[in-house]
Each structure stands twice: as C-alpha cells, then as structure tokens.
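Let's take a quick tour of a protein model, stopping at a few helices and a couple of single residues. Have the structure open as you read.

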Amino acid sequence: MAARRNSWAIWLVVHVAHSPEEDRPVPTTSLPKAADERVDWIHNIPFVAVHLLPLLAVFTDVTTFDVLLCISLYFIRMFFITAGYHRYFSHRAYKVGRVMQVILAFGGGTAAQKGALWWAAHHRHHHKYSDTEQDRHSPKKGLFWSHVGWIVCRKYRPTDYSAIKDLASYPELRWLNKHHWVPPACLAVGCFLAGGWSALLIGFFLSTVLTYHGTFLINSMTHLFGRRRYVTTDTSRNSLILALLTLGEGWHNNHHYYQSSANQGFFWWEIDVSYYVLKLLSLFGLVRDLRNPPQHVLKANRVADSHWDVGMLGEKLSDSIATLGESPERQHP
Ligand SMILES: [Zn+2]
Ligand SMILES: [Zn+2]
C-alpha cells in the first residue's frame, strides 16, 4: 500500500511540476520564524507615525501641486530604489563613477528605507537564502512578515558589513548609511518650502508610505503572485502589474534566475521603466557597462521546456503527499 502511495506521489510531482508557466496564488508550505524574529512596534514608532501623518492633510487645503508632487516623488524615489539600491548597490548590474554612486545612495536614501549599505546587505542575503529558513523575508514565514514584519524586527536593524565589503570601503556611503535620516529630512524640508504643510503631508509623507509599500510588494507578492518562466530554487514569479507599480521589479522570476542583469524585463514586452531610464543615462555617460543576460541563458531552463521546476518541487511534493492522506510525520519528517 505504501509503495502504491509513493508511486502516486511521484506521478503527481512529475506531471504537475512539469506544467508550463503557471499561476499559484499562495505557497502551501510554510517556514517557521526564529524565536527572535518578532515584530517590535515600540522601537518603530517613527515608522508608524509616517503612515499616520498624511491623515493630518484633512486639516489643510490640498492642492493639485501636492498631488502631482506625491506622484512624482513616488516614481522618482522608486527609480532610485530599483535602479540604485537594488540593481546597482545590491547586484552591481552596471558601473558608475564615484559622484554618481553617491547621488544614487542619496536619492535612494530620500525614500527613508535606511542606507544603501543596510539595504544591499539584507537583499544579498535574500538571494543567498531565498525561501529557506535563513531568508529574512520569505512569504513562507507569513505574508505580513515578508511585507513589513521583518522591517520592524529589532534583529534586522544593524547593517551586516561582511555582506557588502565592496561598498563599505567608501566613507561617504558609510556616512550616509549611519546618518540615513539626512536624505529624507532634506527632501521633507524641500517639500515644506515648496508648498507648505499640505505639500509636506501629501508630497512627502504620503508618497513615502506609497514608496514603502511599492518596494515591500517585491519582498512579499513577487514570491506569491504571477507566473514562473525559469526554473529557480525559490518561488519567485513574474507579474506585469507589479512591474508597472515598481518600474520593472515585478519580473522577479527573471531576476532570481539571472540576478546581475541591469534589465529585469528580459523581452520587449516586459515593461521595465528603470532599465529604460538607465539606458538613457548611459547615452550621456552617467552610467556604463549595463549587464544583460546572454541569449543562451535567456533560452535555457524554461519551466515550459519540461525542466524540473525546482522552486515548486517541495510544495508540489508536500501537496501530493497531503492529497494522498499521508500522516503529518511523513509530510514533515
Ligand atoms: Zn535582487
Ligand atoms: Zn526575491
């Protein structure tokens, strides 16, 4: 009987795991959080306050200028996060001079997501341990945890300098990382001077909250929502909607498959605004040596080519065994 069950499990895994790019709303397997992976609201009162401050705008006369400022600062700062903090500092997907490097660090810093060194160190760790117990923000530890819980966890406040030795040799980057409040404070003052209280509350604080959650979607939803083209060892997915909201970061399965690429949309129909801007900047020599995936890499390891979908294999196997009514001990040996 046990042998018959096992053969059914293998049949299901082989046939379902070979299915072409597919949608799966949520992973069915979960990972435990470490004992010290806990939300710490007390030490994150400023973070909560940033979310509440835009509500005070009801006491002001919000103008069209404030709304346009909010939208503009969302997309400008999203570019600095995606093209700067992510593709440059975390993955070194292109090269820049030292002045441009500090501009990218300052611009990303205005999004109030701490310094480029903190951000890159955590992100490199995510790629190293994607969807394993060591992954700091795998959605398998819970959707809320992956989206915002790990951000407000005391354990992850320090910068792991051992993960960003290539960047830590620049004193200006270390200074900005230590004084990460300076860029957002400068922007906040600029918004206030430009349009008063309503510009500060809507132009700065509301767009900061929107940029937070646009960025956080990449840690949460791009591992839950969308399609998989390439075989990877994680559950990353591609999503047009998320790519539009985040200027190209929604092509997350592409990105996990080939991390060092300056473009995350690998084909012409995969809209990747951050990459288009980088290409434009390269024409003026402000950035250079944009890295792209070679043709043979683009064609290889497609889920649709009947390769094993390694990232989903564990989930499929768990589903298959559960379907066959195995005991919990057998599902989680
Ligand atoms: Zn990445
Ligand atoms: Zn990821």
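Start with leucine 286, which counts as partly exposed because it has 14 C-beta neighbours inside 10 Å, a count between the 12 or fewer of an exposed residue and the 20 or more of a buried one. Keep in mind that this is a predicted model. From here we move on to another single residue and then to some helices.

**Around leucine 286**
- You'll find leucine 286 in the loop between helix 12 (273-283) and helix 13 (295-299).
- Setting aside its neighbours within four places in sequence, leucine 286 is in contact with Met100 and Leu281.
- Glycine 97 sits 189 residues away from leucine 286 in sequence, yet their C-alpha atoms are 7.7 Å apart in space.

**Around phenylalanine 75**
- Phenylalanine 75 belongs to helix 3, which covers residues 64-90.

**Where helix 3 meets helix 5**
- Helix 5 takes in residues 116-128, and its axis comes within 9 Å of the axis of helix 3, with the two crossing at roughly 65°.
- On the helix 3 side, the contact is made by Tyr85, His86, Phe89 and Ser90.
- On the helix 5 side, the contact residues are Ala116, Trp119, Ala120, His123 and Arg124.
- Sort the residues of this contact by type and you get five nonpolar, three polar and one charged.
- As for handedness, helix 3 passes helix 5 in a right-handed crossing.

**A closer look at helix 5**
- The buried residues of helix 5 include Trp118, Trp119, His122 and His126.
- Those buried residues pack against helix 3, helix 4 (98-109), helix 7 (165-168) and helix 8 (171-178).
- How far apart are the end C-alpha atoms of helix 5? They are 18 Å apart, which agrees with the 18 Å that its 13 residues should span at 1.5 Å a residue.

**Helix 9 and its bend**
- Helix 9 runs over residues 182-220, and a straight helix of 39 residues would span 57 Å at 1.5 Å a residue.
- The end C-alpha atoms of helix 9 span only 28 Å, though.
- Where does helix 9 bend? Look at glycine 195, where helix 9 bends by about 140°.

Notes. Residues are numbered from 1 along each chain as its sequence is written. Chains are lettered from A and ligands numbered from 1 in the order in which they are written. This is a predicted model: local features need pLDDT of at least 70, side-chain atom pairs count only at pLDDT 80 or more; totals for chains, interfaces and linings use all residues. Helices (H or I, at least four residues) and strands (E, at least two) are DSSP runs, numbered from the N terminus. The expected span of a helix is 1.5 Å times one less than its number of residues. The bend at a residue is the angle between axes fitted to the seven residues ending there and the seven starting there. Axes are lines fitted to C-alpha atoms, for helices over the stretch in contact, and angles run from 0 to 180 degrees between N-to-C directions. A crossing is left-handed if the near helix is turned anticlockwise from the far one by less than a right angle, and right-handed if clockwise. Two residues are in contact if their C-beta atoms, placed from the backbone, lie within 7 Å. Ala, Val, Leu, Ile, Met, Phe, Trp, Tyr, Cys and Pro count as nonpolar, Asp, Glu, Lys and Arg as charged, and the others, Gly among them, as polar.
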